[in-house]
Amino acid sequence: MIAAQRPDDAARRNLLLLILLRWLAVGGQLVTILAVEFGMGIRLPLAPMLTTIGGLVVLNLVQLATARFPVTNAELLGALLIDVTALSVQLALSGGATNPFITLFLLQVVLGAVLLETWSSWLLVAVTSGAFALLAVVHRPLPLPAGFASRLSLPYMVGSWLTFTMAAVLLVTFVTRSARNLRQRDAHLAAMRQRAAEQEQIVRMGLLASGAAHELGTPLSTLSVTLGDWRREADTRSFPRLAAEIADLETEVARCKEILAGILFAAGEVTGEAPARTTLRRFVGRIIERWGGAGQVTLDDCLWRDPPIVADRALAQTLVNLLDNAIEAGASAITLTLALDDDADGDEEIVIAVRDNGRGFPPDFLDSIGRPYQSTKDRRGAGLGLFLATNVLRTLGGTLEARNDAHRGAIVTLRLPLAALALEDAAADNAGRGEWGTDEWAEENWR
């Protein structure tokens with residue numbers, strides 16, 4: 001696999017490319033000056049022109065010596081401005097705007113559009129356009145022989161300047177937009193690759209969890225049968241304390257079996273249970289009730305209606321993970337806000353916000369929210385809660401957003417389409433007649 005190129009490496013490569021092009025420019029200028037001076041017999045001010053070439057050579061050597069350091073946009077802009085200045089000096093000494101080599105300014109404009117930030121590219125357009133206009137007025141006329149001499153009219157010079165300016169503007173406009181489109185495409189591809197890697201990790205975790213659930217099912221069933229036999233023993237009934245402890249153990253074993261069933265359900269394996277039908281308000285209320293943090297969670301019910309839904313185990317476990325995370329972050333009070341809102345397409349979506357007064361998230365953690373094993377906790381295996389929550393919401397077509405409260409604590413907001421959990425209209429009618437057994441669902445799934 002080819003490693004991703006870092007931004008500073010890309011800038012350094014661009015600088016080396018610019019240095020290579022400047023060597024070509026130095027060689028081309030030197031050959032042209034010598035050919036015009038000695039081959040065509042046209043007298044040029046060799047001293048200042050060769051001095052300008054020497055300055056470009058020194059600039060190249062300095063940049064080669066410092067190329068190992070991080071390269072900034074300002075450094076690239078400065079180098080291109082020096083190139084424009086050097087070309088302007090050479091043109092001013094050899095005919096100004098009448099010199100056909102003045103079109104080389106477009107090369108600087110293209111390089112700026114490719115290598116620089118947008119504002120820097122437009123600055124280079126302004127500088128080269130101004131240099132073109134100045135060279136039309138301020139320059140040293142070339143002492144051309146009679147066979148080469150010509151005189152360009154003022155309208156021609158103005159038209160040439162306008163043509164150059166329009167060409168430079170169009171070049172920067174389309175090159176910068178094309179570069180932005182390419183960057184957006186690369187960012188989208190990087191996000192898709194990241195999502196594919198996360199999905200692959202989820203598949204591996206699901207296979208591991210599914211295998212573990214199957215392996216644990218047998219000993220838990222054995223424990224359940226054994227505890228049932230103990231509970232029916234005459235000696236057990238004669239000791240109320242022992243009977244109570246066995247009842248507690250049976251409850252915990254049943255809870256472990258339900259957790260394993262939830263793992264198998266999340267892994268896509270059929271457990272033989274019909275989809276649990278309830279309403280949104282009861283679904284969230286039962287989660288808070290069965291979570292066990294009495295007095296720590298306050299439900300802020302902002303629902304204007306109570307839509308019927310299918311109870312999603314993965315979403316229920318997501319909310320439990322968020323509540324657990326809030327407590328582990330030192331929260332003493334948690335507010336869970338439940339509301340219905342309209343998304344950008346006008347469809348209803350469920351909004352669940354978990355607000356706590358804990359320590360909040362570190363700023364660097366917020367940038368990597370939802371990635372596996374990104375956590376503020378030091379224990380092994382931490383950081384999967386928000387990762388799994390993000391992927392559960394993504395599977396349901398929703399999103400997860402985490403931020404710190406302005407005063408204290410953190411706010412985690414879940415948004416998912418109501419259609420992802422909603423039932424058919426006929427099922428909703430049955431719900432109104434109380435035929436769904438929401439209490440049975442709660443007892444069966446949150447014992």
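## Exercises on a predicted protein model

At a relative accessibility of 26%, G78 counts as partly exposed, a class that lies between buried (under 20% relative accessible area) and exposed (over 50%), with a 1.4 Å probe and protein chains only. The model is predicted, and local features need pLDDT of at least 70, side-chain atom pairs count only at pLDDT 80 or more, and totals for chains, interfaces and linings use all residues. Residues are numbered from 1 along each chain as its sequence is written, and side-chain values use heavy atoms, with hydrogens and water left out.

**Exercise 1.** Find the element that holds G78, and state how far G78 and S120 are from each other in sequence and in space.

*Solution.* Begin with the element: G78 is placed in helix α3, where a helix is a DSSP run of H or I with at least four residues, a strand is a run of E with at least two, and both are numbered from the N terminus. Then turn to the pair: G78 and S120 are 42 residues apart in sequence, and their C-alpha atoms are 9.9 Å apart in space.

**Exercise 2.** Describe how helix α3 and helix α4 pack, and name residues that meet there.

*Solution.* Helix α3 covers residues 73-92 and helix α4 covers residues 105-115, and the two pack at an angle of about 175° with their axes 10 Å apart. The axes are lines fitted to C-alpha atoms over the stretch in contact, and the angles run from 0 to 180 degrees between N-to-C directions. The angle therefore makes α3 roughly antiparallel to α4, a label for angles over 145 degrees. Next, look at the contact (heavy atoms within 4.5 Å), in which residues including L76, L80 and V84 of α3 meet residues of α4, among them F105 and L111.

**Exercise 3.** Is T52 buried or exposed, and which residues does T52 touch beyond four places away in sequence?

*Solution.* T52 lies in helix α2, residues 46-65, and is buried, because its relative accessible area is 15%. Its side chain reaches the backbone oxygen of P48 at 2.9 Å. Leaving out residues up to four places away in sequence, T52 touches A86, V89 and Q90.

Definitions and conventions
Angles under 35 degrees count as roughly parallel, over 145 as roughly antiparallel, 65 to 115 as roughly perpendicular and the rest as oblique. A polar contact is a pair of N or O atoms within 3.5 Å; within protein, one must be able to donate a hydrogen and the other to accept it, and residues adjacent in sequence count only if both atoms are side-chain atoms.
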